[in-house]
Amino acid sequence: MRKAYIDSIGMYVPSNVVTNKDLESRMDTSDEWIRERSGIQERHHVDGECTTDLALKASEEALEKAGMKPEDVDHIIFSTMASDYFAPGGGPMMTRRLGIPGTPALDIRMACSGFLYGLSVSKAFIESGAYENILLITSEVQSVALDFSTAGRDTAVLFGDGAAATVIKATDADQGILTVKTHSDGRYAEDLMLRTPSTLDNPFLTHEVLDKGYGRVSMNGRTVFKHAVTKFPQVINEALEASGVAKADIKLVVPHQANLRITEAVANRLDLELHKVVFSNIHKYGNTTSASIPIALYEAMAEGKIERGDYVVVASFGAGFTWGASVIKW
Ligand code: COA
């Protein structure tokens, strides 16, 4: 049966490294507090680059590794919470950046679950026979919407900028994306959001709206934490059950890199076989929203932790709330 498999991944983070010490000079925080609560040591922030700049670098690497030219891409899926423009989205912009005008492009705004939703759409597109070569781009610039004063410290220290691009191709071989399970629950929309520009305000961008702080990411950290540690293990078990793959056969679990404490709590709630193999690189990048899973997959491959034929689980939780998990035979 025709399947969709991950052929290659490219990644890019801006060269500007922001350490916890750097943040100490901008707000009342400490390296110790940030490490203890999140495991983060440093993150990368843009310095003059925009979302599609990061996306282009990651895409070029992914295409080169796949032995493809931009013209070989027959569909772009673009996930971000911060496009170059509020409208149009980043997908059409990437056809311009890659020099492939006319290529279909779909935007996804599913926050930290953007990669999971992107896998879900890619799998359906490829298995139906509609497309052969999909470029799933996850590119995030959150630093421009964070409040770096002490008032925003609980959120600002967590996020970093970064991008990944994943080439997903059709195959008849015994490999590929076996299952993807996704969920959403808008009852918690306000617990993690970027409110403005919003149609709740008319006109939607005024000084008054911005003075209220609506142009900054806001978060109810405890509510996010509580739901994340419940939903991650639930959806991982759901995806595993649907795939028929035994837990003992899973080589690596790559959760969205939200926070080391969430990752550890999730690992503790999973069975022992899975606990051993949970991957983390949050100390270097912070939370890069929808780019975090493919960046982690990229590094896990580079470290030899994933090889062709291995069973890998990826899982996410984020704003919406949204969450999901996928089982992949690499
Ligand atoms: N530096 C220093 N102190 C900080 C701080 C910072 N960056 N941010 C918050 N604090 C302070 C608070 O003001 C509070 O002070 P108070 O006790 O004097 O009021 C104290 O630290 C404890 O705050 P609290 O909110 O109870 O901390 P917490 O243990 O819940 O940790 C988070 C806060 C944000 C780290 C935690 O809730 C969390 O990880 N949530 C999930 C966030 C996440 O992953 N979001 C993305 C999901 S995709």
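Let's start with one residue. Phe321 is buried, at a relative accessible area of 1%. Keep in mind that this is a predicted model.

Who sits with Phe321? One aromatic cluster holds Tyr188, Phe232, Phe317, Phe321 and Trp323. Across the chain, the count of aromatic pairs comes to 6.

Take one of them. Phe232 and Phe317 pair with ring centres 6.5 Å apart and 50 degrees between the planes, a tilted arrangement. This pair links distant parts of the chain. Phe232 belongs to helix α8, residues 221-243. Phe317 lies in strand β12, residues 311-318.

Now back to Phe321. Its ring and that of Phe317 have centres 4.9 Å apart, and the planes meet at 55 degrees, so this pair is tilted too.

Next, the whole chain. The fold has 12 helices and 13 strands. Of its 330 residues, 55% are buried. How does its radius of gyration fit a compact globule? For 330 residues, such a globule would come near 20 Å; this chain has 19 Å, which agrees. The C-alpha atoms fill a box of roughly 55 × 50 × 35 Å along the principal axes.

Contacts next. Among those with a separation of 6 or more, 79% join residues 24 or more positions apart.

Last, surface and charge. The accessible surface is about 13900 Å², with 48% belonging to carbon and sulfur atoms. There are 33 positive and 43 negative charges, and their mean positions are 3 Å apart.

Technical notes. Residues are numbered from 1 along each chain as its sequence is written. This is a predicted model: local features need pLDDT of at least 70, side-chain atom pairs count only at pLDDT 80 or more; totals for chains, interfaces and linings use all residues. Side-chain values use heavy atoms; hydrogens and water are left out. Helices (H or I, at least four residues) and strands (E, at least two) are DSSP runs, numbered from the N terminus. The radius of gyration is taken over C-alpha atoms; the globule rule is 2.2 Å times the number of residues to the power 0.38. Buried means under 20% relative accessible area, exposed over 50%, partly exposed in between (1.4 Å probe, protein chains only). Contact means heavy atoms within 4.5 Å. Accessible areas come from the Shrake-Rupley method with a 1.4 Å probe; for residues, only the protein chains shown count as cover. Lys and Arg count as positive and Asp and Glu as negative; His and the chain ends are not counted. The place of a charge is taken as NZ of Lys, CZ of Arg, CG of Asp or CD of Glu. Rings of Phe, Tyr and Trp (its six-membered ring) pair if their centres lie within 6.5 Å; planes under 30 degrees apart count as stacked, over 60 as edge-to-face and the rest as tilted.
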